[in-house]
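This briefing goes through one model in the order of its topics, beginning with a single helix residue and its surroundings. Please keep the structure in view while reading the points below.

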Amino acid sequence: MELSFYSKYPFTKGAKELMSSAKVSDEFKLSEMARRRVISAIKDGKIPIMSTELEDSQLLLQIASYAVSRMIVTLLKSRYYINRYAVAEAKRANAYLTRDSDESVLRIARELGIKCDIDGYYAVGFEGYLRYAPKSPDYKLVNRKLVRGKVRLRRAEFIRILEEAVRLKIESELPLKIENVPDRINDSAEAVKGEIPKEPKPASISLEGGEFPPCVNKLLENLKTVENLGHTARWALAVYLLNVGMKPDDIVKVFSTSPDFDERVTRYQVEHAMKRGYKVPSCASMDFYGLCIANCGVKSPLGYRRGAVGKYTASGKQS
Ligand code: SF4
């Protein structure tokens, strides 16, 4: 039972303790599994989930492959690869939690320091909610029911919050401080380098005769430092860039450094926003979304660039 739990959630304290004393007999198989795990995470943005009805030796390999994967990712020496790997591990945890019992979901929440109980719905402590809730209007506190200081959530919404907490936990624990790396792990890291896409270069946006407003600059900066933007932030940035005349191809390049970047999905979303002719949200709406970071004295981020005469272009390499 515990092995099965830890194979699904190898980032937990119990799994770590288990690995400090467990011995995996097939080192070659372990390196191979870890190599595939990292390649899948970075190349496809996801890690396939496995049956939890496997033999103990297989479950142990699963847990150990997480530990070795973290060493391999560390050896890639890139914040972009680390963050992309963390996104995929967090999505994997989400997939298991979705299928798992309420008891397991609560156990993971406790492990991540999120207070929660179930009383017909998930009631989540304020602090954890504010820290991990996605930055989108749906999760704004004004749109939520509060009962005795706790936020009511549906199960899928709560698991989404746990996904974010797992992502941040994994991100914050990497890179590892490692010395004396075994040859086989160094070899695996070299093999991974040959099989993953190159790290994308941040698109540099040039603009003649005008400046981006602080809110847009902040979102562009976040992308350059390979931070994941929330759904609304992405949408607002894409709509802003479309409205100032940037081409969809160039906008897709701007998003290519996002750790969960998927070119097909991004292109679809940008082209969809263009077809629908979405207008840039007002400053009041940006404030409501938590995206306004200054008081510029304008009503719309578009107003900030009035007088700008230049063309917006982006250059950068996609992976
Ligand atoms: S006031 Fe408007 S333009 Fe300025 S940061 Fe806020 S949303 Fe952006």
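S69 is found in helix α4, and the model in which it is placed is a predicted one. With 26 C-beta neighbours inside 10 Å, where 20 or more are needed, S69 counts as buried.

- Leaving aside its neighbours within four places in sequence, S69 is in contact with A34, R37 and V38, whereas K115, which is 46 residues away from S69 in sequence, lies 30 Å from it in space, C-alpha to C-alpha.
- The largest nonpolar core has 60 residues, and the members that touch the most other members are I72, Y85, V124 and L162; the largest share of this core, eleven residues, is contributed by helix α4, which spans residues 56–75.
- I72, when residues up to four places away in sequence are not counted, touches A34, R35 and V38 as well as I185, S188, A189 and V192.

**The four-stranded sheet**

- Four strands form an open sheet in the order β1-β2-β4-β3, and their pairing is antiparallel.
- Because β1 (116–118) and β3 (146–147) stand at the edges and each has a single partner strand, one side of each is left without a neighbour in the sheet.
- Helix α8, residues 155–173, packs on the sheet and touches β1, β2 and β4 (150–153), with a direction that makes about 30° with that of β2.
- Strand β2, residues 122–125, runs antiparallel to β1 and is joined to it by three bridges; within this pair, C116 has V124 as its bridge partner in β2, and I118 stands opposite Y122.
- The hairpin of β1 and β2 has three residues between the strands, and in this hairpin G120 takes a positive phi near 85°.
- Two bridges link β3 and β4, which pair in the antiparallel sense, and L146 has V151 as its bridge partner in β4.
- The hairpin of β3 and β4 has two residues between the strands, and here R148 takes a positive phi near 45°.

**The shell around the ligand**

- The ligand is surrounded by 13 residues, of which the closest are P213, C215, C283, C292 and C296.
- Helices α10 (214–224), α14 (283–288) and α15 (301–304) are the elements that give two or more residues to this shell.
- By residue class, the shell around the ligand divides into twelve nonpolar residues and one polar residue, with no charged residue.

**Backbone features in the loops**

- The peptide bond from L174 to P175 is cis, with omega near 0°, and P175 has its place in the loop between α8 and α9 (183–195).
- N180 likewise lies in the loop between α8 and α9, and it has a positive phi of about 50° although it is not a glycine.
- N180 counts as exposed, because it has 4 C-beta neighbours inside 10 Å, where 12 or fewer is the limit for an exposed residue.
- K77 is found in the loop between α4 and α5 (79–99), and its phi is near 50°, which is a positive value in a residue other than glycine.
- With 11 other C-beta atoms within 10 Å, K77 is exposed.

How values were computed:
Residues are numbered from 1 along each chain as its sequence is written. This is a predicted model: local features need pLDDT of at least 70, side-chain atom pairs count only at pLDDT 80 or more; totals for chains, interfaces and linings use all residues. Two strands pair if DSSP finds at least two bridges between them. Two residues are in contact if their C-beta atoms, placed from the backbone, lie within 7 Å. Axes are lines fitted to C-alpha atoms, for helices over the stretch in contact, and angles run from 0 to 180 degrees between N-to-C directions. A residue is near a molecule or strand if its C-beta atom, placed from the backbone, lies within 6 Å of it. Ala, Val, Leu, Ile, Met, Phe, Trp, Tyr, Cys and Pro count as nonpolar, Asp, Glu, Lys and Arg as charged, and the others, Gly among them, as polar. A nonpolar core is a set of buried Ala, Val, Leu, Ile, Met, Phe, Trp, Tyr and Cys residues joined through C-beta atoms within 7 Å.
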